[in-house]
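Here's a quick briefing on the annotated sites of this model. Have the sequence and structure open while you read.

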Protein chains: 2
Amino acid sequence: MRVLGVDPGLTRCGVGVVEGVAGRPLTMRGVGVVRTPADAELGDRLVAIERGIEQWLDEHRPDCVAVERVFAQHNVRTVMGTAQASAVAMLCAARRGLPVALHTPSEVKAAVSGSGRADKAQVGAMVTRLLRLDAPPKPADAADALALAICHIWRAPAANRLQQAHAAATAARATPRVPRTAAVPVRKVPR
Amino acid sequence: MRVLGVDPGLTRCGVGVVEGVAGRPLTMRGVGVVRTPADAELGDRLVAIERGIEQWLDEHRPDCVAVERVFAQHNVRTVMGTAQASAVAMLCAARRGLPVALHTPSEVKAAVSGSGRADKAQVGAMVTRLLRLDAPPKPADAADALALAICHIWRAPAANRLQQAHAAATAARATPRVPRTAAVPVRKVPR
């Protein structure tokens with residue numbers, strides 16, 4: 001499984017590609033940051049993020065995109081920009097029919113370090129070790145994107161079992177109905 | 001001037017097109033709602049909103065898109081979805097090189113009703129009167145989108161004068177530098 005992790009942000013959007021399966025050593029396929037100038041118009045910044053994410057999707061052809069789940073509670077000053085950048089990443093993935101997974105920051109920290117309260121340095125150190133890198137990826141947004149991808153690879157088997165159980169339970173009590181996704185066909189290019 | 005107003009939302013995204021200039025009677029060119037099913041995946045909902053907004057842009061060819069400015073402070077439960085829907089609307093506009101304007105809910109209410117605290121019924125009644133409609137547009141999101149477009153047409157002359165004054169002041173103190181938008185070229189189609 002190849003996963004593109006996205007740590008969304010308007011100024012710096014971390015991106016990292018990790019390949020592997022749970023229980024075996026993982027491999028980093030790429031890491032970087034999509035940047036947009038703080039003094040540009042918001043709409044133009046979103047266009048620049050879209051272009052950057054599209055390049056990463058074109059180059060690495062991931063099977064899935066994992067995006068950090070944004071909460072309104074904290075970082076009120078920057079949270080709207082983060083939510084908007086995450087929307088662009090999700091849009092780019094869904095437009096190609098790629099599954100989009102959201103993981104919270106504490107899920108990601110817990111997955112790579114064992115603690116949901118790990119700090120940036122700890123996450124960076126574990127990403128370096130787990131991907132057998134020479135040094136922690138810089139900036140922290142890039143390391144966080146890799147941590148997201150690792151988290152997704154490790155959580156995916158459990159998440160799939162949950163989904164299957166939920167689907168089975170839903171099917172068991174189902175009356176005939178329209179499939180859930182029927183109203184939203186996904187096309188690769190929306191025009 | 002023809003303006004597409006967008007009242008962003010994941011479940012109901014209000015859209016309305018108004019044509020005219022400040023100081024003269026305005027004309028409604030279209031009004032509606034882009035809906036997405038609440039039980040669809042978030043990425044697929046954003047794709048559906050993108051498709052809907054693109055159809056409105058294709059059909060009405062506005063000169064400008066006015067989007068409600070979203071704040072993190074209130075409606076914490078729905079604010080993230082609103083921010084993400086607004087990102088898609090801004091992205092669609094900026095990708096075509098259309099100017100994007102953001103107006104706060106109280107600016108919109110004050111513009112159409114004289115009070116920044118007007119309720120939905122008051123805004124609906126004023127939109128109906130100002131656009132000489134037979135009845136208030138339903139649902140409220142559609143009326144809000146028209147109010148946004150009206151607000152933008154009425155505020156644009158003042159905003160333009162402010163921008164020109166700002167540009168003149170900046171030019172007066174400028175040392176030679178790269179144009180602000182140089183790092184973010186806008187293309188109509190991002191691929």
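Asp141(A) sits in helix 5 of chain A, which spans residues 140-172; helices here are DSSP runs of H or I with at least four residues, strands are runs of E with at least two, and both are numbered from the N terminus. This is a predicted model, so to speak of local features takes pLDDT of at least 70, side-chain atom pairs count only at pLDDT 80 or more, and totals for chains, interfaces and linings use all residues. Residues are numbered from 1 along each chain as its sequence is written, chains are lettered from A and ligands numbered from 1 in the order written, and side-chain values use heavy atoms, with hydrogens and water left out.

**Around Asp141(A)**
- Asp141(A) counts as buried because its relative accessibility is 14% (buried is under 20% relative accessible area, exposed is over 50%, partly exposed is in between, with a 1.4 Å probe and protein chains only).
- Setting aside neighbours within four places in sequence, Asp141(A) is in contact (heavy atoms within 4.5 Å) with Asp7(A), Arg12(A) and Gly14(A).
- Its side chain makes a polar contact with the side chain of Arg12(A) at 2.9 Å; that term means a pair of N or O atoms within 3.5 Å, and within protein one must be able to donate a hydrogen and the other to accept it, while residues adjacent in sequence count only if both atoms are side-chain atoms.

**What UniProt says**
- An unreviewed UniProt entry puts "active site" at Asp7(A), Glu68(A) and Asp141(A). They span 135 residues of sequence yet cluster in space, with a largest C-alpha distance of 11.0 Å.
- The unreviewed entry's "binding site" annotation covers Asp7(A) and Asp141(A), whose largest C-alpha distance is 6.1 Å.
- UniProt positions follow the numbering used here, feature names are shortened, and annotations may be inferred rather than shown by experiment.

**The other two residues**
- Asp7(A) belongs to strand 1 (residues 2-7) of chain A, and is buried at 7% relative accessible area.
- Beyond four places in sequence, Asp7(A) touches residues including Arg12(A), Glu68(A) and Asp141(A).
- Glu68(A) is in strand 4 (residues 64-68) of chain A.
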